[in-house]
Amino acid sequence: RMRPAAMAMLYAGLRRGEAMALTIDKDVDFKAKKICVHSAVHFVGNRPVVEERTKTDAGRRTIPLFTPLAECLKNEKGYALCTASGELCTETAYQRGWEAYLNALSRAAGHPVNIRAHDLRHSFCTMLRDSGVDLKIAIKWMGHADEKMILQIYDHITTEREEKAAHF
C-alpha cells in the first residue's frame, strides 16, 4: 500500500502529507501528464485530517507526471495511500506501513534499507538538478518560494554532476 505514495514522493517531490492527500482520480491527469498539488494531510493526535492547503502558498503547484510514477499509478484509484477500505491512514498505520515498506525494500536489496520518507523528496530534487532542470523550475516543482531551501537542503551534488561540469 505504501508504494504509490512513496513513488509520488520520489518522482514528484511530494511531502508526506501531500502524498497522503493525493487523490489519483482527481489530482493526476494521465492524459496531460500532470499532477496537481493543492492539499495535504496532517495529524490531530493519531487521526488524519485533509486540509485544502499546502505547507506554503508556493506548495500549490502543478508537477509533470514522470513515466515511472505514471506507470505506478495507472491502475490505482482513490488516495495514493489508504487503508484496505480506502480511508486515510492513521499516523500509527502510516508508521507501520513505512516500516513494512522498508522491510520489503531491504529484502529485495539483500541489505538493510533505512531511509526517511522525506529523503525521497531530497532524491527528487537531486535527480532534477542532475538532469539539468533549471533551478527556477526545480523551485517551482518542489513548492518553494525561492532557491534558499533547494540550495541549502535539498540539492545534493552527485559525482556524476560534478564530473559532467568538469567537462563542459
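How many residues does helix α6 have, and how far does α6 reach from its first C-alpha to its last? Select residues 117–130: that's α6, with 14 residues reaching 21 Å, close to the 20 Å expected at 1.5 Å a residue (the expected span is 1.5 Å times one less than the number of residues). Helices (H or I, at least four residues) and strands (E, at least two) are DSSP runs, numbered from the N terminus.

Before moving on: this is a predicted model, where local features need pLDDT of at least 70 and side-chain atom pairs count only at pLDDT 80 or more, while totals for chains, interfaces and linings use all residues. Residues are numbered from 1 along each chain as its sequence is written, and side-chain values use heavy atoms, with hydrogens and water left out.

Past the helix, pick Gly132, whose phi is positive, near 90°.

Next, click Trp98, which touches Met2, Ala6, Met9, Ile115, Arg116, Ala117 and Leu120, leaving aside residues up to four places away in sequence. Trp98 is also among the residues with the most contacts inside the largest nonpolar core, which has 45 residues (buried Ala, Val, Leu, Ile, Met, Phe, Trp, Tyr and Cys joined through side-chain atoms within 4.5 Å). Helix α1 (residues 3–12) gives the largest share of this core, 7 residues.

Last stop: the open antiparallel sheet, ordered β1-β2-β5 (strands pair if DSSP finds at least two bridges between them). β1 (28–29) and β5 (61–64) each have a single partner strand, so one side of each lacks a neighbour in the sheet. Zoom in on Asp29, whose bridge partner in β2 is Lys34.

Methods: Buried < 20%, exposed > 50% of the residue type's maximum accessible area, 1.4 Å probe, protein only. Contact = heavy atoms within 4.5 Å.
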